[in-house]
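Subject: Multi-chain model, chain contacts

Hi,

Here is the structure I promised to pass on. Please have it open while you read the notes below.

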Amino acid sequence: MKKTIVILLLAAFGYFLAITFLDPDFEKDRNRNGVKNVYLEKTVSELKTANTVTAIVVNFRGFDTLGEVTVLFLAASALGSILFKKRHHVGERSITLPASSIVSTGAKLLFPAIILLGVYVFVHGHLTPGGGFQGGTIIATGFLLMLISYRNFSISHNILSVIESLAGILFVVIGLMGFINGGTFLQNFMPTGTLNNLFSGGIIPIIYILVGFKVATELTGLIYTILHEKG
Amino acid sequence: MDLLTNILGAIATIILAFVVGMSYGGIVRKITARVHNRLGPPWYQNFIDAYKLFGKTTAIHHGWMQIMGPAFLMVSSVVTLMFVPVLNNGGWFTNLNFKGDLIFLLYLMVFGPLGMALGAGQTGNPNSAIGVTRGLSQMVGFEIPWVMALVALMIQFNTTTITGLMDVQQMSGTWLMFSSPFAFIAAVLAMLGMFRYSPFDIVGAPTELASGPVSENGGKFLFTMMSSGSIFSFVKLTLYVDLFMGGADNLIILLIKTFSIYMIPVLYGIVSPRYRTEQAIRFFWGWPLFFGILAILYAAIF
Amino acid sequence: MVGSPVLLIAIPLLAAFLIPLLGIFWKELVRIIPGLVLGYLTILSASLYIDVLNTGTIVETIAGWRAPWGINLVFSPLTGFLATLMTFIGFIIWLYSYRFKRNVEFEAAKKYFIFLMLLVAGSIGIVITGDIFNQFVFIEIVGISAYALTAFYTGRNSAEAAFKYLIMGSLSASALLIAIILIYSQLGTLNMAEIAANIHNMPPQYRVTAMIFFIIGIGVEAEIFPLNGWAPDAYTEAPGPVGSAFAGIVVKAGIYAMVRMMFTLFDISGPMQILIIIGMITLVVAETSALRQVQLKRMLAYSSIGQMGLVLVAFGMGTKAGVFAALFLMLNHAIIKPLLFFSGSYLVFNSKEKNISEMSGLGKLMPFTAAFFALGSFAIVGLPPFAGFWSKLSVLTAAANDGLLLIIAIVLLVSIVEIVYYFRVINRIYFFKFDKATSVVPHKPRVNALIAMAILAILILVIGFYPDSVSEILNRASEDLLNTPDYIKNVLSTGQSLTY
Amino acid sequence: MNIENIEIIRIGVYATSILLILIGLYAVLTKKSLIKIIIGLSIIDGGIHLLLIGIGYIKNGTAPIFSPGFENASAQMVDPVPQALVLTAIVIGFGVTAVALALIIRLYRHHNTLKIDEIKNLKW
Amino acid sequence: MEIIYLIFILFLSGAIATFLLGKVSKRLRDIAFITTLVVPSVLFFTQINIGQTVDFSVLGIHLSWGITNFSYIFAYIVLGLGVLAGIYAVAAMKGKENLGFFFFNYILSIMAMMGILFSRDLISFFVFWEIMTWSSYLMVVFTGKDVQKVGIKYFIFSAIGAYAMLMAIVITYSLTGSMMISNLIFAFPDFEFGMQILIPVLLLIGFGVKSAMMPLHVWAVGSYSHSPMAYTAVFSGALSKMGIYGMIIVMAGLVSRIPEGYWFREVIAWMGAITAVGGTLWAVAQDDAKKMLAYSSVAQLGYIIIGIAIGTPLAMLASLFMAILHGMFKGTLFMAVGAIEKQTGTTNFTEVTGLIRKMPFTFLASLMSIIALAGIPPLGGFIGKWMLYESVIGSNHYLLIIVIFFSSTAAFLYCYKFLFGFFLGQEEKEWAHVKEAPAMMVVPMVILAIGTFIFGVFPGLILNPIDAGLQELGYAVTQGRYWEMSVLFNEWGDTVVLQPILYTILAVFVFFLAFVLTKNFKKTRYVSTKDISSSGEIPKEHENLTFSRGFFQPFLRSVEPLMRRKIDPYYNSFGRGMEAIFDFVRRIYTGNGQTYALYVVVFALLLLIFKDRLWG
């Protein structure tokens with residue numbers, strides 16, 4: 001009964017979404033001269049950054065990214081707070097199934113490669129697809145792999161949180177330095193270099209590296225916290 | 001000189017009222033006895049009683065309020081008397097030169113009984129208090145048709161004064177009991193309660209309450225009450241005569257008219273047993289009220 | 001000292017990242033730094049606001065890109081007013097909760113202060129940002145910190161409340177994203193001013209659909225009727241100061257986002273029936289639900305929702321008087337509701353089951369707290385000469401000017417309901433006998449909490465006795481909200497308007 | 001590619017994303033398990049992200065990355081803004097999901113059940 | 001500094017000072033309290049001129065304070081009663097807990113009433129009205145009895161009234177663009193028909209609540225009887241008159257200026273009449289003095305309302321006169337009850353008897369007040385009633401006068417009950433220890449009682465100011481010759497008013513009193529009330545001679561059909577019904593997160609379905 005009602009409701013809802021998005025006029029009436037042309041143009045001319053998406057994420061809409069990083073930070077803290085217990089027994093894991101030796105050996109082998117890949121991805125975030133978020137996530141998967149392969153693998157929570165905090169602080173500080181130098185928050189105050197060089201794009205790669213660190217530590221922390229949760 | 005005349009006239013009125021009231025009381029006792037097939041006291045028995053009470057020494061009292069009670073009663077009776085025109089053309093009985101306001105009179109008339117009730121209250125005799133409560137309840141009962149009758153008159157002749165109503169009767173030559181009959185009927189029915197003869201003698205109720213409010217009073221207190229009661233019944237009768245029977249031109253006519261109207265409650269009472277309080281109230285809110293409403297409608301329409 | 005609006009966001013974020021580090025060195029810093037930050041923000045915001053009132057709107061660009069391209073922050077008489085109010089309330093809440101969880105784990109206190117600070121920062125962000133997607137990000141920051149704060153106490157049903165909040169929040173975030181998608185796809189921009197300038201070029205069917213999704217997206221934070229199921233639970237289960245932060249800060253941001261969207265983004269002028277209808281339903285449902293509550297905080301929560309409904313009604317009139325009244329209501333509510341939550345949570349604290357029926361006679365044992373609660377109740381139901389009266393009066397006169405007699409009648413009838421439930425509590429606190437069986441031995445409020453409450457109480461009295469002290473500010477703010485062309489002009493023409 | 005194919009792609013993308021949203025909503029509205037509800041929310045998120053990416057698509061577009069030698073290719077590039085936005089949206093969605101899972105753990109600890117209609121201590 | 005501001009600042013700061021000093025010293029607190037009441041009163045009567053105004057503006061609305069001839073009449077009641085009851089309160093409340101709070105609210109209500117009288121605009125009127133309401137509410141719940149029932153009921157009704165008023169105020173503002181009362185009166189005849197009906201109705205609901213008009217009176221009895229008696233004197237005596245004050249402005253300023261006013265008058269007059277009858281009958285039925293007086297207050301206010309509704313100059317004169325007198329005698333009576341409560345600990349007629357010799361001054365004050373209440377000449381109450389009757393007859397309300405007369409006759413019953421129940425009857429041993437109340441309580445009562453006497457004899461003392469006030473309202477007809485409108489005054493000429501009657505009465509009274517006293521007074525000795533002749537027998541110790549239960553049972557039995565209709569149960573069931581509905585409404589919040597999610601979708605769908613109507 002309830003399901004029928006829900007299906008009917010959703011059908012109606014879907015109908016309204018469909019007449020909005022599947023309408024041929026939807027495409028036709030679009031304003032094609034939005035901000036994106038300026039972005040594409042300025043990315044090359046002023047920021048000297050190859051990856052427009054990165055330029056947008058870090059520079060044009062860097063403020064969003066700051067918020068985004070904050071959201072991640074909040075989520076990590078929230079996890080700690082929500083699952084907070086008076087005495088947190090580190091080492092007692094909720095998942096205690098042993099991993100097979102193939103997995104553990106393979107993990108050991110893969111782990112440095114994954115970390116390296118992650119670092120590569122966020123260091124080259126302004127040149128190629130990818131960036132701090134992606135790289136950070138990759139690094140976190142490496143840690144995830146280690147965590148599920150080795151029951152005794154442990155990371156110091158304090159170190160994670162120090163790195164995380166430092167990365168965040170540096171992000172804001174760089175923003176503020178832009179504020180002091182150029183007059184606006186997150187403004188580029190470093191030489192932009194030439195397009196498609198590793199050292200180009202001013203503060204963009206620096207911020208993205210910081211974001212990479214932050215994301216990596218936060219995700220690792222998240223996984224770690226949840227893994228160590230005993231029901 | 002005027003003042004002196006007035007004061008002398010006032011005193012004369014009081015004496016007249018006292019004498020007439022006392023005599024009527026005695027006559028009523030006689031008539032009642034005859035109807036009951038008894039011999040009865042002589043008509044002047046009341047004077048003898050009064051004299052005896054006046055002569056007696058009052059031994060005890062229960063407090064100041066008891067002393068003031070009879071005084072209140074007397075004040076009420078006398079002052080009311082002062083405001084009721086005894087004769088059509090005044091003369092010696094002009095009294096306070098007051099042409100009479102009915103509402104004022106109505107309120108003045110309750111002043112005495114209420115003071116008396118307070119006096120009775122202080123005696124501490126439960127019978128007195130019971131009597132008072134009955135009396136007050138009954139008063140609420142008969143006051144309604146009585147006021148309705150008066151209001152009907154006021155509406156009909158567009159005046160609120162007694163003298164105004166008397167003038168109307170003088171001019172037209174018809175008594176108001178004929179020109180506004182329903183008001184008269186209502187007023188007469190209310191009068192039954194006002195005189196507290198049986199069946200409305202629930203206040204005194206000799207066998208139940210040992211005469212009710214007066215039960216703890218004797219000597220000078222009882223004398224004062226008795227004389228004020230007599231004066232008061234004269235006042236009421238005169239008021240009825242003034243209102244409904246065209247007033248009186250001289251004392252003889254006054255006596256005839258008052259006596260004849262006095263006979264209505266007396267004769268009705270002789271043959272009736274006593275009501276209970278709520279029966280009495282319901283009686284007054286039955287036919288008398290109906291006639292009162294009729295009277296007002298009659299007055300309002302004509 | 002004049003800074004820049006961007007510091008309103010950057011400093012708390014910086015502090016939030018700093019706190020975990022500093023906490024390692026000296027634990028007390030975890031409590032002190034948020035206070036310093038919030039105090040600094042209050043001063044900064046106030047001085048900026050004074051500046052704005054004198055010289056005009058500040059438009060702050062970020063990363064050096066002019067308005068349509070970069071994100072920009074708009075610090076106008078309206079947003080500055082709200083931002084100042086929020087920072088101030090945030091500071092008061094910090095003051096109140098300074099000793100919060102004093103004797104328990106350091107970790108918990110650390111998290112609490114971080115969340116609180118980010119809640120305030122996020123709310124400020126919602127208000128001062130000039131970019132819809134940025135607003136979405138800030139809404140999410142507020143949302144996550146709110147979920148975490150709601151679930152703060154581990155012993156209670158708080159996770160349940162937070163989970164409900166989260167479901168609603170995620171759904172609304174999705175709706176908000178759909179709205180953003182629609183707008184971006186049609187206009188190719190995310191800047192509010194540019195959207196406002198071009199909104200009439202957008203085909204009507206998409207415009208309305210976008211507006212609907214906006215309403216749903218923001219409605220959860222603004223607690224409009226069918227979307228506020230989370231609110232009573234969250235207010236009840238969250239720690240006391242957090243309830244006041246929700247009522248005093250978060251909801252205000254939600255309401256702001258909603259009216260900014262209606263007034264500026266979609267450039268609707270004249271009466272907005274939808275806001276009036278939604279507001280009325282919210283008001284009536286919430287206030288009637290509040291009548292039979294057994295728990296104090298839940299009652300306060302419904303009352304808060306109801307007040308927001310009234311605010312929406314006032315905004316919905318669309319006239320200057322209506323907007324003025326709505327802002328006045330928001331201001332008063334932001335002052336009064338925290339006071340009620342502050343004092344109320346001490347009352348709750350001293351009853352075993354958190355029920356109103358267990359608060360008998362607490363007024364004698366904790367006179368100040370009870371007096372503050374009574375003052376707050378008097379003010380919120382609109383009894384003169386307290387602050388709430390003037391705002392209610394403004395709403396009613398605004399409604400009368402528009403000839404909305406039915407609305408006046410309903411608002412007043414609902415006010416009677418409001419009176420009933422508030423006065424039941426006051427009666428119980430003051431005129432009932434203290435019962436040992438149901439109450440615990442009273443915990444007297446600490447000095448810092450008393451100071452926080454006293455500041456709010458004084459404000460209530462000041463506004464109550466001299467409402468003109470704020471009327472000029474509110475006038476400027478309401479003019480600012482209604483003046484869409486100026487908003488567009490200010491944002492789009494200004495590259496830099498910053499003074500050091 | 002001809003015009004019809006583009007339309008088909010566009011409609012395909014949009015229809016898929018709408019379908020994903022509806023499926024997610026269905027899960028949120030009918031499934032009793034908290035985990036499934038969160039999965040539903042994630043599906044909704046996925047649908048919306050797809051939708052967001054979809055509106056950035058232009059005919060014959062390329063990725064908005066300036067490879068050496070193609071510095072003036074901006075006209076052929078797809079809209080980079082939705083891509084930037086979706087990146088943010090994904091991260092936020094991730095954060096919310098993480099918090100939700102934590103809450104579920106708490107709820108399970110407290111109620112010993114994952115059925116949403118048994119977790120109704122707070123009502124009215 | 002304007003004196004007007006100074007008065008209010010003094011009140012306010014005095015209230016706070018009293019409250020705070022209460023923490024330091026009791027004596028200081030009492031002194032501060034009395035000073036706060038007396039100093040502004042003195043300032044008011046010496047420094048304030050009629051017509052002097054101060055103007056200011058709040059939120060862009062022009063406001064104005066100033067006293068008029070008309071409000072000056074009420075200022076007499078408020079300040080006179082306020083000061084006297086305040087002095088009384090200091091003694092009466094001695095030793096009670098939380099007195100600082102009591103005094104604080106007391107001063108605030110006096111201030112609020114003065115504020116109402118000063119208000120020349122609707123906003124300050126409303127503000128002070130509400131301050132009055134909540135300060136009096138805090139007094140009603142002060143004793144802590146039946147708080148949730150009585151207190152809440154009072155506040156609900158007050159709130160209904162106040163909000164009805166507020167609605168009228170904002171409508172007025174939207175129509176005239178001004179909050180001034182004079183502008184409303186000026187512009188009222190030009191309003192459209194609906195507004196001409198709506199505004200007076202709303203305002204009358206507001207004022208009707210405070211003046212306990214019949215369907216809105218249910219709060220009154222509980223509130224009057226539950227607040228401390230020292231305050232009830234003000235509550236019933238002065239505070240309820242604020243409703244009358246407003247009502248007069250509405251009836252004279254608004255209703256009389258539109259053609260439909262006639263029906264308004266009829267309806268209000270009949271409501272007043274029903275109030276009077278119902279109040280009286282219920283008063284008769286009470287065994288508790290507080291409740292009895294409370295019902296009596298309701299009844300008396302009914303008379304006043306009738307006068308206002310009739311609206312002829314004489315009727316207005318009557319109403320205002322009665323309003324002042326009612327303030328005085330009802331104040332005295334409540335104070336007397338308070339004194340008895342303080343001395344004996346109870347206010348029930350069936351428990352206390354025979355206090356006349358123990359509390360003679362209280363009795364004296366009560367006696368005079370009761371005579372005034374019953375409307376028996378020569379005390380003040382009669383003049384008012386009499387003018388009312390005259391005006392009712394004069395305006396051809398024939399049935400109305402019967403109803404009024406019935407109720408005022410029935411009032412004798414409870415008047416007697418009050419005196420008998422407390423003071424007369426058997427002097428039981430139980431109350432042998434009772435002493436007269438302290439002088440600070442007795443003196444205010446006696447002053448007020450003597451006041452009723454003086455105003456009964458020299459009604460011109462009040463009628464002159466009232467006349468001036470009525471001219472302010474547009475009753476130019478009287479022109480200072482108010483006596484000509486009534487037969488009573490007319491017959492005795494122009495200047496001498498009631499004195500001849502009084503002299504006669506006094507002379508006769510003194511004569512007979514002298515007679516009763518002098519005639520062998522020495523030989524008459526006082527005996528206790530146990531020593532009575534019960535049918536010739538001397539009653540034994542154990543015999544119960546106290547008659548107090550079922551005092552007017554026969555009467556009540558006969559009026560029982562009239563009293564069966566109570567409006568209370570209807571309100572109660574309405575309230576319960578509303579609560580049940582509200583309880584049902586809150587079940588929308590089912591507690592299930594999924595349902596809430598469903599609401600989101602449904603809401604979205606609804607908006608999408610009606611989307612064409614949303615724009616604009």
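Predicted model: local features only at pLDDT ≥ 70, side-chain atom pairs only at ≥ 80, totals over all residues.

**Chains B and E**

Seven pairs of chains are in contact, and the pair B and E shares the most contacts. Chain B puts 65 residues into this contact, and chain E puts in 59. On chain E, the elements that each supply at least two residues are α15 (380–394), α16 (398–422), α19 (487–491), α20 (499–518), β3 (525–526) and α21 (553–563). The largest share comes from α16(E), with 12 residues. By class, the side of chain E that touches chain B has 38 nonpolar, 12 polar and nine charged residues.

Strands also meet across this pair. Strand β1 of chain B (residues 60–61) runs parallel to β3(E), and two bridges join them. There, B:I60 stands opposite E:R525.

**Chains C and D**

This contact takes 24 residues from chain D and 25 from chain C. On the chain C side, α5 (132–150), α6 (158–187) and α9 (230–237) each give two or more residues. The largest share, 14 residues, is from α6(C). The side of chain C that touches chain D counts 16 nonpolar, five polar and four charged residues.

**Pairs that do not touch**

No contact joins chain B to chain C; their closest C-alpha atoms lie 40 Å apart. Chain B does not touch chain D either, and the nearest C-alpha atoms of these two are 56 Å apart.

Best wishes

How values were computed. Residues numbered from 1 in each chain as written. Chains lettered and ligands numbered in written order. Helix = DSSP H or I, 4+ residues; strand = E, 2+ residues; numbered from the N terminus. Nonpolar A, V, L, I, M, F, W, Y, C, P; charged D, E, K, R; others polar. Pairing = 2+ DSSP bridges.
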